[in-house]
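Me: Could you walk me through a strand and its surroundings in this one?

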Amino acid sequence: MTIFATYPSLASKVVLITGGASGIGEAHVEHFCAAGARVGFIDRNIQAAESLVARIVAAGGNAPHFLHADLRDIEATQGAIAGFAAAHGDVDVLINNAAHDERHDIETVSVAYWDERIALNLRHLFFCAQAVTPGMIRKGGGSIVNVGSFSWRVGLGGMPIYVAAKAGIEGLTRGLARDLGAHDISVNTLVPGWVMTQRQIDLWVTPEVEEELAQRQCLKSRVTPADIARMALWLAAADSRMCTAQSFVVDGGWS
Ligand SMILES: NC(=O)c1ccc[n+]([C@@H]2O[C@H](COP(=O)([O-])OP(=O)(O)OC[C@H]3O[C@@H](n4cnc5c(N)ncnc54)[C@H](O)[C@@H]3O)[C@@H](O)[C@H]2O)c1
């Protein structure tokens with residue numbers, strides 16, 4: 001059995017995760033709770049969020065704090081973050097995880113759809129960072145982890161707005177890192193490859209794409225949500241204290 005690292009510096013840290021109810025975000029919530037952090041997560045899916053909280057509590061863990069908001073609504077998101085900080089203290093770690101990889105054809109994209117996809121895949125990362133940084137400055141530092149994607153690096157088709165937003169996240173990371181470094185706040189991008197969440201398996205995994213994955217990845221195992229969460233733990237922990245403005249790729253060597 002593989003024994004993975006634990007991070008004592010994360011105990012009691014106040015950690016905020018976006019899109020934490022399902023998929024990779026769910027793994028982030030589970031891993032930070034297991035590390036002893038005080039975890040809050042924003043999601044719009046109430047049912048998935050409540051069942052995640054119940055599962056963690058049933059397993060004997062500390063209950064994470066579910067914050068119901070749609071991240072496209074910046075005012076509601078700011079309100080949720082303020083409420084979480086009022087209850088648990090200023091945020092030490094922000095995991096900007098939420099996104100949605102809905103497919104779209106170039107010819108059917110309207111201006112409204114473009115704006116909505118950017119709001120869902122890029123805009124809230126900036127405003128969540130903006131909302132937590134005053135508290136991080138008060139605390140003398142913090143860590144922001146922006147979740148990107150290998151999709152723009154390998155030039156995936158069928159979702160150009162998502163791919164553009166994911167490329168933008170790496171630029172946003174570097175811009176924020178420069179401005180916030182003076183306050184000892186690190187900002188990094190965590191770049192997942194193709195991660196086998198239940199949603200990906202249900203929607204896209206066929207024997208043919210499994211074959212493609214085996215061809216493209218250097219390492220032949222499937223990348224799991226836990227593989228991504230373990231990188232987030234390290235980026236949030238004191239162990240990575242001098243890493244900032246960088247991209248950390250977990251894709252089995254695909255890109
Ligand atoms: N799964 C992959 O293969 C893969 C690959 C590369 C990058 N990523 C990135 O990893 C991150 C997580 O991906 P995932 O596959 O777990 O996604 P997912 O779609 O399975 O889960 C996203 C979560 O965010 C929530 N969410 C979505 N839009 C929201 C909104 N407007 N307001 C509030 N909550 C919202 C959903 O309810 C869900 O709980 C994303 O940034 C994604 O781009 C995933």
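Predicted model: local features only at pLDDT ≥ 70, side-chain atom pairs only at ≥ 80, totals over all residues.

Me: Are the side chains of strand E4 buried or exposed?

Reply: Val93 and Ile95 on one side of E4 (residues 93–96), and Leu94 and Asn96 on the other, are all buried, where buried means under 20% relative accessible area with a 1.4 Å probe and protein chains only.

Me: Which way does E1 run beside E4?

Reply: Strand E1 (residues 14–18) runs parallel to E4 and is joined to it by 3 bridges, and Val15 stands opposite Val93; strands count as paired if DSSP finds at least two bridges between them.

Me: And how many bridges join E4 to E5?

Reply: There are 4, again in a parallel arrangement, with E5 covering residues 142–147, and Leu94 of E4 faces Ile144 across that pairing.

Me: Switching to helices, at what angle do H3 and H4 cross?

Reply: The axes of H3 (residues 74–88) and H4 cross at roughly 35° and come within 10 Å, the axes being lines fitted to C-alpha atoms over the stretch in contact, with angles from 0 to 180 degrees between N-to-C directions. Residues making the contact (heavy atoms within 4.5 Å) include Ile81 of H3 and Phe127 of H4.

Terms used:
Residues numbered from 1 in each chain as written. Heavy atoms only, no water. Buried < 20%, exposed > 50% of the residue type's maximum accessible area, 1.4 Å probe, protein only. Helix = DSSP H or I, 4+ residues; strand = E, 2+ residues; numbered from the N terminus.
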